[in-house]
Amino acid sequence: MCIYHNWCFDLTGKMLSAAFERGVRGKGGMASTFRKDEHGLQVLRTHRIRGLVFGTLNETTLPFEDYVGQGHIDTSIASAAGR
């Protein structure tokens, strides 16, 4: 749930409801053209290493290992953690 807009989404990012979608007492509300299925959450691509989470919203970004270099980041994180 967005605490600012009070829009609710399911665990897949599909919009379930919008606050005051139909207005209040016949006033306000969303336009008749508003469709909840057009306002789902954007997918975030993620990658985890040693408890750290990296993410991107860009669909064209290279796979994580290709972007940072194979094994490089894991080695750096391990040495920074003293392992």
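Mentor: Contact means heavy atoms within 4.5 Å. This is a predicted model, where local features need pLDDT of at least 70 and side-chain atom pairs 80 or more, while totals for chains, interfaces and linings use all residues. Residues are numbered from 1 along each chain as its sequence is written, and side-chain values use heavy atoms, without hydrogens and water.

Trainee: OK, what does Thr-56 touch, beyond its neighbours within four places in sequence?

Mentor: Val-43, Leu-44, Arg-45 and Thr-61 are in contact with Thr-56.

Trainee: And which strand is Thr-56 in?

Mentor: Thr-56 sits in β4. Strands are DSSP runs of E, at least two residues, and helices are runs of H or I, at least four, numbered from the N terminus.

Trainee: New topic. How many aromatic pairs are there?

Mentor: Searching the whole structure gives two aromatic pairs (Phe, Tyr or six-membered Trp rings with centres within 6.5 Å; planes under 30 degrees apart are stacked, over 60 edge-to-face, the rest tilted). One is Trp-7 with Phe-34, edge-to-face at 5.9 Å between centres and 65° between planes.

Trainee: Why does that pair tie together parts 27 residues apart in sequence?

Mentor: Because Trp-7 is in the segment before β1 (8–9), whereas Phe-34 is in the loop between β2 (15–17) and β3 (45–49).

Trainee: Is Phe-34 buried or exposed?

Mentor: Buried, at 13% relative accessible area (buried is under 20%, exposed over 50%, partly exposed in between, using a 1.4 Å probe and protein chains only). Trp-7, at 22%, is partly exposed.

Trainee: Which residues form the tilted pair?

Mentor: Phe-54 and Phe-64, with 4.9 Å between centres and 40° between planes. Phe-54 belongs to strand β4 (residues 52–56) and Phe-64 to helix α1 (residues 64–68), 10 residues apart. Phe-54 is partly exposed at 27%, and Phe-64 is buried at 15%.
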